[in-house]
Amino acid sequence: MKEALLRGLPSVDEVLRSEGLREAVKANSTALVTEAVRSALEGLRAGILSGSIKEIPRDLAPVVEEKLKEMLASSIVRVVNATGTILHTNIGRAVLSKEAIEAAVRASGNINLEFDLGRGERGERDSLVEPLVKKLTGAEAACVVNNNAAAVLLALNTLAEGREVIISRGELIEIGGSFRLPEIIKKSGCVLREVGTTNRTHLKDFTSAVTQQTALFLKAHTSNYLVVGFTAEVGLKELVEAGRNAGIPVVEDLGSGSLVDLSAWGLPKEPLVRESLEAGADIVTFSGDKLLGGPQAGIIAGKKELVERIKKNPLKRAMRADKLTLAALEATLRLYLNKERLADRLPTLGHMARPLVEIEKTAVEAARLLRTKLGGKYVIEIEDGESVVGGGSLPGHNLPTKVISITHPETGPDRISRLFMSSRPPILGRVKKEKFLLDMRTVETPQDVVPE
Ligand SMILES: *Cc1c(COP(=O)(O)O)cnc(C)c1O
């Protein structure tokens, strides 16, 4: 039976010549259609052998066309973020503002990337965003690389290659997705000199570790955890003062780094880039796609003399940001000039500051739509929940939210989760205490969480 079916499969050529594929052959390269035909035939063969196919379809064109569609479809798809994490690294962190999106689209053609239109000669790509970073942070100079990991690596390599970097043991951080400070220090060609203990480090730990080999003091923001209890940390100001006395610059990896005081929106304050610079940090590095709410980027801001050296490092060329990023970053930074309107325009801040009543309104409508759509034995309820900012920001601080909980007497939460994930666009929630939850904080259109 199976052998007969296998023998009955047409050849690749036969399928290619079939009437039903005429349009597909005309519109695509022969190699591509041939590959789709092969893949379709392989699928049929596997189906016959496993017993799931008991009859060869008369017309194979639709099967081939389906394969073609799969091959040509983008593997990058929009997903609906109902996870409750505003800055979720696995789904692309910050949602860009309308202004940033438009700027990136505009930049996809030719732009004045490294061209000084005033003088009609070659310009500097960093000069597109540098004035804004200076204005918003008070820095003397700034440049942009691909992400904050690159910013830290480049700053350390420029300022301390072959020499020692002193850092507190309590700040040897790991950020999800393989950023481990000790490894970055090593890869930047510097020697890690850790001082103090995990919970307590004092100024004298730094000063007594200084030798001829010391190149800089490094401070890292413990952005994804809190050290509580019997603790002691050397403040930036003290460290800067000790650095000044010993002639040693201080670099601070701020991680998220905020440009505005979040307490204006009733949120806990994250360290401001401006404050670090005012406290005397020589260089501060931070991410573009965390609290800043822009594209993936790493910003290096600080003393002119040091930033100029960083810009001249040949590694900078390997880490430079591209024009789409710079355009989106510039547009994002520009929104900060209008602080009063920031929460309306910057989705990251908008999501953090979103009033509970509004989240609830979305939840009520979404729950109604979900009940109609899923029906049956699904139990759909609105509950109080907690969202997090994520992306190494505001650790330990949760934002009260409204979630839709979906349960079913016979279907477990993981299966419900997979069901939502297989919708187009995929809907991502989270599973907690045997319930599948959709956090409405980051969902603006109720229809978005209704699977197709
Ligand atoms: C997030 C973070 C990084 C890594 O930044 P990316 O932009 O993800 O490369 C480095 N240091 C700290 C303290 C961070 O919070």
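A residue is called buried under 20% relative accessible area, exposed over 50%, and partly exposed in between, with a 1.4 Å probe and protein chains only. By that rule, 48% of the 452 residues in the protein chain are buried. The model is predicted, so local features need pLDDT of at least 70 and side-chain atom pairs count only at pLDDT 80 or more, while totals for chains, interfaces and linings use all residues. Residues are numbered from 1 along each chain as its sequence is written, and side-chain values use heavy atoms, with hydrogens and water left out.

**Overall fold**

- The protein chain contains 19 helices and 18 strands; helices (H or I, at least four residues) and strands (E, at least two) are DSSP runs numbered from the N terminus.
- The C-alpha trace of the protein chain spans about 85 × 55 × 45 Å along its principal axes.

**Ligand site**

- There are 13 residues around the ligand, and Ala 149, Ser 223, Asp 253, Ser 287 and Lys 290 come nearest; a residue is near a molecule if one of its heavy atoms lies within 4 Å of it.
- By class, this shell holds 4 nonpolar, 6 polar and 3 charged residues. Ala, Val, Leu, Ile, Met, Phe, Trp, Tyr, Cys and Pro count as nonpolar, Asp, Glu, Lys and Arg as charged, and the others, Gly among them, as polar.
- A polar contact is a pair of N or O atoms within 3.5 Å; within protein, one must be able to donate a hydrogen and the other to accept it, and residues adjacent in sequence count only if both atoms are side-chain atoms.
- From Lys 290, a polar side-chain atom lies 2.7 Å from an oxygen atom of the ligand.
- The ligand taken alone exposes 380 Å², and the protein buries 94% of that; these areas come from the Shrake-Rupley method with a 1.4 Å probe, and for residues only the protein chains shown count as cover.
- Helix H8 (148–160) and strand S11 (250–255) are the elements that give two or more residues to the shell around the ligand.

**Backbone features**

- The peptide bond from Arg 424 to Pro 425 is cis, with omega near -5°. Pro 425 is placed in the loop between helix H19 (413–421) and strand S16 (427–428).
- Arg 93 is not a glycine, yet its phi is positive, near 45°. This residue lies in the loop between strand S2 (85–87) and helix H6 (98–106), and Arg 93 counts as buried because its relative accessibility is 17%.
- Lys 433 also has a positive phi, about 50°, although it is not a glycine. The loop that holds Lys 433 runs between strand S17 (430–432) and strand S18 (435–439), and Lys 433 counts as exposed because its relative accessibility is 72%.

**Two buried residues**

- Ser 188 is in the loop between helix H9 (181–187) and strand S9 (191–195). Ser 188 counts as buried, with a relative accessible area of 1%.
- A polar atom of the Ser 188 side chain lies 2.7 Å from the backbone oxygen of Ile 185.
- Ala 367 lies in helix H18 (residues 356–374) and is buried, with a relative accessible area of 1%.
- Between Ala 367 and Val 388 there are 21 residues of separation in sequence and 22 Å in space, C-alpha to C-alpha.
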